[in-house]
Amino acid sequence: MKKIFTLLLLSVAFISCSSDDDNTDNNNNQSVDAPANYQFTRNGNNTVSYSGQTQRIAMAEELISALKDPTRDQESLNAMFAHVEGDQDFSDLDMLELNASSKNVRSKTAASADYFSSNSTDANAIKANFDSWISSQANDVFPNWGNTASPGNAGLAQELGGSIRYVNEKGLEYNQAFAKSLNGAFLADQICNNYLSAAVLDAGDNVTNNDNDVLVDGKDYTTMEHKWDEAFGYLYGAEEDETAPVLEADSFLSKYLYKVEADSDFTGIADDIYDAFKLGRAAIVAKNYTVRDEQVEILREKISMIIGIRAVYYLQGGKSEIANEDLPSAFHDLSEGFGFIYSLQFTRNPMTDAPYVSKSMVDGYIDTLMEGNGFWDVTPETLDQISEDIAAEFGFTVEQAAN
């Protein structure tokens, strides 16, 4: 009996030692502690870098402002969208040196590794949509800037509160459609489907180099660290201090994360996103790719939620303004809703690795909204049905999003 007991003890000890050895060798089993804020250093040097994202966000800001300037022409607007290094397309009133930059917005629109690297047909069609909105604003709306809009005729529409909206013949503000669609086609797509993609994070020798702290030549970061930072930059790139983001730092995802956070039904989403970015980056430093990938799933879900919530919010806002008999205000809300609906096809459901709302569904919603005279005669019933459909895909209610 004593002999059997001794053998049992030896077996337990062997299993325990083997388990300890596995934990030592397998970084994926190591715990990861996130820092208090998004701040990472190596040998005393900052390793966080996303200047390209900051530049592209600034370019997009100037472009959407230019889309409201009737003195602009199609050529200059196209040049801002597809900027070529050295061309004088931007004001350059800040220190970002946008004109000297090799970056542009168009090349990163519908350009993610996961959704578009093998789908050039959709990528080209989506870019063509943005091109057409620029063209139509310059050639249809700008020439009618001083005319009163009516069904079938572009021009101005004045809200009961006094604000003037400039719309196409169907009541659509192209500048709003363009700007809000960038939230998905440009920003969310690059975050969720490109820089957080295994195809990008783990490309080539990235994992081996990260495991061995092999740095990018002349830099203080590994390639994997940098790719994660670039994803971070598409949301926080306009912040003055990424270690203490205030949100609403730009007109895109930052602004709408701020608005969703302010809705009591969704309070906490801003911390969820920031904490996931911090922990995922810390996991890369710790070489724990299991924790990293868990944060990717959180980020895809939460960033996608911003788009879904605001799509429903603006549809319901438009419905309310129709009830108030203020069609110009409805046009404004519905134009923003148009852009967020368009953005739905770039969301990422971590359970399916597909958009929460497919491109075909998005196309169907857009066609429904634009049929006939478009926003001039869209019905509350149609807006409710689309809202219910979108909310069901994300798992929130129309009432929650409409606040």
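1. Is Arg-300 buried or exposed? Arg-300 is buried, with a relative accessible area of 7%; here buried means under 20% relative accessible area, exposed over 50% and partly exposed in between, with a 1.4 Å probe and protein chains only. The side chain of Arg-300 meets that of Asp-353 in a salt bridge, 3.9 Å from N to O. A salt bridge is counted when a side-chain nitrogen of Lys or Arg is within 4 Å of a carboxyl oxygen of Asp or Glu. Arg-300 lies in helix α12 and Asp-353 in the loop between α13 (327-343) and α14 (359-370), so this pair ties together parts 53 residues apart in sequence. Asp-353 is partly exposed, at 44%.

2. The model is predicted: local features need pLDDT of at least 70 and side-chain atom pairs count only at pLDDT 80 or more, whereas totals for chains, interfaces and linings use all residues. Residues are numbered from 1 along each chain as its sequence is written, and side-chain values use heavy atoms, with hydrogens and water left out.

3. Helix α12 comprises 35 residues, 289-323, and reaches 52 Å from its first C-alpha to its last, close to the 51 Å expected at 1.5 Å a residue. The expected span is 1.5 Å times one less than the number of residues, and helices are DSSP runs (H or I, at least four residues) numbered from the N terminus. Asn-288 caps the N-terminal end of α12, with a side-chain oxygen 3.2 Å from the backbone nitrogen of Thr-290. After α12 comes Glu-325, with a positive phi near 60°.

4. Asp-202 is in the loop between α7 (198-201) and α8, and Arg-292 is in α12, 90 residues apart. Arg-292 is buried, at 1% relative accessible area, while Asp-202 is partly exposed, at 27%.

5. Helix α11 (residues 269-286) has 18 residues that should span 26 Å, and its end C-alpha atoms are 25 Å apart, which agrees. Its buried residues include Ile-269, Tyr-274, Phe-277 and Arg-281. The buried residues of α11 pack against α6 (174-195), α8 (206-211), α9 (223-236), α10 (253-262) and α12, contact being heavy atoms within 4.5 Å. Lys-287, which follows α11, has a positive phi near 65°.

6. The salt-bridge count comes to 20. Among them is Asp-131 with Arg-106, the closest N and O atoms being 2.7 Å apart. This pair links Asp-131 in helix α5 (residues 120-141) to Arg-106 in the loop between α3 (74-81) and α4 (113-116).

Note on methods:
Helices (H or I, at least four residues) and strands (E, at least two) are DSSP runs, numbered from the N terminus. A polar contact is a pair of N or O atoms within 3.5 Å; within protein, one must be able to donate a hydrogen and the other to accept it, and residues adjacent in sequence count only if both atoms are side-chain atoms.
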